[in-house]
Amino acid sequence: MTARSIVIDPITRLEGHGKIHLFLDEAGGLANAYFQVPELRGFEVFCRNRPVEEMPRITTRICGVCPEAHHLASVKAADAVYGVTPPRAALKLRELMYNGFFAGDHTTHFFALGGPDFVVGPDAPKAERNILGVVAKVGLGLGAEVIRQRARGQRVVQIIGGKALHPVTALPGGMSKRVTKEEQQELVQIGREMVEFAKTTIKVFEDIVLANPAYVDLITSEMYSLRTYSIGLVDQQGRVTFYDGRIRIVDPDGREFGSYAPAEYLDHLAETVLPYTYLKYPYLKRVGWKGMVEGADSGVYRATPMSRLNVSSGMATPLAQEQYQRLYATLTGDGSGSTPVHATLAIHWARVVELVFACEAVLEQAQDEEIRSDRIHTPPTAVVGEGVGVVEAPRGLLTHHYKTDDKGFIREANLIVGTTNNNAAISMSIKKAAAGLIGAGREVQDATLNMIEMAFRAYDPCFGCATHSLPGQMPLEVTVRGPKGEIIDRLRQN
């Protein structure tokens, strides 16, 4: 057999664009695998010279999937640029809006993007591996409830953020819109409905995934395992939080490796680039970039829902805490969470735990009378000139870093997006899954390629958010093809 290659282009059920290039050896085994992102978004460049107070509105346009994440990371950075602390009511409104967004976003991935691989099956016909296939399997009633849950999350964002997509109400020093008594009552009702949906989601996961031994074996298999560091945001009690806290890092054995405030991120993280993709590769600065290899000697880390659980002491709401303990008891034998889980497909399960937490948090926070306060903004009075804002996007840690002049105009911007954190891990997970699925004498079928895609899909990647270039010349290749697909010319730059 002669050596050949397989290209999965485009990869499916993700946000953005990407392709996988698999190279086989002469015996038919995997020689190498490359994950490429061919799109470029230059937000770090064209945000320069903008007033910093415009950034929370500009950066929401990076992505229509998680504009709320960019809105809040950006406004937290702008708070720091002006050296202003928002009133408590404003912080509570921001966090409530964010939990509502999380509840809707995790619902989308679990049921529409990741769900088809489990609900319909990884080897089901291609035409059935989608949301319509999921609805056909679970019934129209649950399908309609998923749509209603998405609407609930968007309504929370609309009430607090002013718009169901691309919110506009967070501004340096607080918020521009208060919540009325009627709106609070609606938020409480939404929270109650969300908690019921969370219980339904737990039941679906139990019945379809955990009750299927083949799926449990797949989740715990070596080809879907990756031993890396974990990173995530934790509150003062060490529990999972999405809006505010310290960043904690644990090594592959669960020992604390580092802990830092958002403004200290450059002491802990660095980035490198490779020539065949527009995504940067963050790594732990103290360990260094050793290439895409596993283990404590590699600077590769993961920032996923599972990573957030790995670095935490638990969840802040009761039902989510029960599910947290169940996950760890099942996968490690220890419900305390002290032993990290490195199973890539377990990220889906961790996402369910976080969905439950977000729903419970919406109900709890919506009942806080202080969210109706008129004291929701502290006007800025000075310009510090530099600020860092960090939140947990559904896909991982999101960092916005702005440097301004003395009038608050952006001179330098750096964004490390959730999916950017996971770039190396995604590439490694794809290669490891491909190596386990492709071998001499095995026919590479459509189901095989889908199971390779499952390795990246667990990360719920958003490549539209993640592709930002480092300063310098942009590498570019343009392939010109004829009407029959034949290559006519290739143009290369750098």
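Hi everyone, and thanks for coming. Please keep in mind that this is a predicted model.

Let's begin with helix 4, residues 88-113, and helix 8, residues 181-210. Their axes are 12 Å apart, and the packing angle is about 30°. Angles under 35 degrees count as roughly parallel, so that is what we call helix 4 and helix 8. The crossing of these two helices is left-handed. And which residues of helix 4 and helix 8 make the contact? On helix 4 we have Leu-96, Gly-100, Ala-103, Thr-107, Phe-110 and Phe-111, and helix 8 brings Leu-187, Met-194, Phe-197, Thr-201, Val-204 and Phe-205. By type, that contact has nine nonpolar residues, three polar and no charged.

Helix 4 also turns up in my next stop, helix 6, as part of what covers its buried residues. Helix 6 covers residues 131-138, and Gly-133, Val-134 and Val-135 are buried there. Their cover also includes helix 5 and helix 7. At the start of helix 6, Asn-130 has a side-chain oxygen within 3.0 Å of the backbone nitrogen of Leu-132. Just after the helix, Gly-139 has a positive phi of about 105°.

Last, let's visit Thr-277, in the loop between strand 9 and strand 10. Is Thr-277 buried or exposed? Its relative accessibility is 7%, so Thr-277 counts as buried. Beyond its neighbours within four places in sequence, Thr-277 contacts Phe-35, Gln-36 and Val-37. Glu-39 is 238 residues from Thr-277 in sequence, yet their C-alpha atoms are 8.6 Å apart.

That's my tour, and I'm happy to take questions!

Technical notes
Residues are numbered from 1 along each chain as its sequence is written. This is a predicted model: local features need pLDDT of at least 70, side-chain atom pairs count only at pLDDT 80 or more; totals for chains, interfaces and linings use all residues. Side-chain values use heavy atoms; hydrogens and water are left out. Axes are lines fitted to C-alpha atoms, for helices over the stretch in contact, and angles run from 0 to 180 degrees between N-to-C directions. Helices (H or I, at least four residues) and strands (E, at least two) are DSSP runs, numbered from the N terminus. Angles under 35 degrees count as roughly parallel, over 145 as roughly antiparallel, 65 to 115 as roughly perpendicular and the rest as oblique. A crossing is left-handed if the near helix is turned anticlockwise from the far one by less than a right angle, and right-handed if clockwise. Contact means heavy atoms within 4.5 Å. Ala, Val, Leu, Ile, Met, Phe, Trp, Tyr, Cys and Pro count as nonpolar, Asp, Glu, Lys and Arg as charged, and the others, Gly among them, as polar. Buried means under 20% relative accessible area, exposed over 50%, partly exposed in between (1.4 Å probe, protein chains only). A polar contact is a pair of N or O atoms within 3.5 Å; within protein, one must be able to donate a hydrogen and the other to accept it, and residues adjacent in sequence count only if both atoms are side-chain atoms.
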